[in-house]
Amino acid sequence: MTFNDIFKSNFLDNINSVNLFDMLLAMILAFGIGLFIFFIYKKTFSGIMYSSGFAVTLVALTMITTLVILAVTSNVVLSLGMVGALSIVRFRTAIKEPLDIAFLFWSIAVGIVLAAGMIPLAVLGSMMIGIFLLLFANRKTYVNPYIIVINCTDHESETNAMEFLRKHTKRVVVKSKTARKGAVELNLEIRLQDEDTDFINTLSEMEGIGSAVLVSYNGDYMG
């Protein structure tokens, strides 16, 4: 084959450039591993709202990447054109969870490895990644913080509320305090001793307490 033969292209000649059995095997494996990635994503999701569309996209992305890489590896001219075509693609969708980036790269990597014929690497590697995510993704090493908003009538009721919270929670930190004539508003961060929140009912019934609101904080937190 000469240098000029590399860049010769004929549409009909490309029909048999990819073996049918290899294509079917790669696509079936891509679908199977894509479903495995889908399962791991569903089990390890810890965000606010689960997106079934993103989960299905992981399966589709694995199969699409496999399809593209199969075509690229069979034709040099097509691979050069694919680089130019994909360079103009821009994705504007915001990634809400940092872990979602890992799943996207996982799907793309599996598609590339499968299309390259490295089936054991794709299967065993995906199993190891899946086990790692199942063990560590949902593991919590800290107690979720809560925010309490308390409306008090005077300094005495404020002091009683703080003493009450120190007895019934692990930690109390003042985040903000707003004082007006005849009213004091406290924003406190607390750590619960257990999942029981009945203490907030008792707090709201104390003398001088106008209202007490407990809010859970679900964002990333360290400390």
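Predicted model: local features only at pLDDT ≥ 70, side-chain atom pairs only at ≥ 80, totals over all residues.

The protein has an average pLDDT of 80, and 76% of its residues score at least 70. Among the elements, helix 6, residues 119–136, has the highest mean pLDDT, 92, whereas helix 1, residues 3–6, has the lowest, 52. For residues 219–223 the pLDDT is below 50, although this stretch has seven contacts in the model beyond near neighbours in sequence.

Let us turn to helix 7. It comprises 14 residues, 155–168, and spans 20 Å from its first C-alpha to its last, close to the 20 Å expected.

Which residues of helix 7 are buried? They are Ser157, Glu158, Ala161, Met162, Phe164 and Leu165. Viewed down the helix axis, these buried residues fall within an arc of 165°, so they line one face of helix 7. They pack against strand 1, strand 2, strand 3, helix 8 and strand 4. On the other side of helix 7, His155, Glu156, Arg166 and Lys167 are exposed.

Finally, tyrosine 50 is located in the loop between helix 2 and helix 3. Its relative accessibility is 32%, so tyrosine 50 counts as partly exposed. Leaving aside residues up to four places away in sequence, tyrosine 50 touches Phe38, Tyr41, Lys42, Phe45 and Ala55.

Key:
Residues numbered from 1 in each chain as written. Heavy atoms only, no water. pLDDT = per-residue confidence, 0-100. Helix = DSSP H or I, 4+ residues; strand = E, 2+ residues; numbered from the N terminus. Contact = heavy atoms within 4.5 Å. Expected span 1.5 Å × (residues − 1). Buried < 20%, exposed > 50% of the residue type's maximum accessible area, 1.4 Å probe, protein only. Arc of directions from axis to C-beta.
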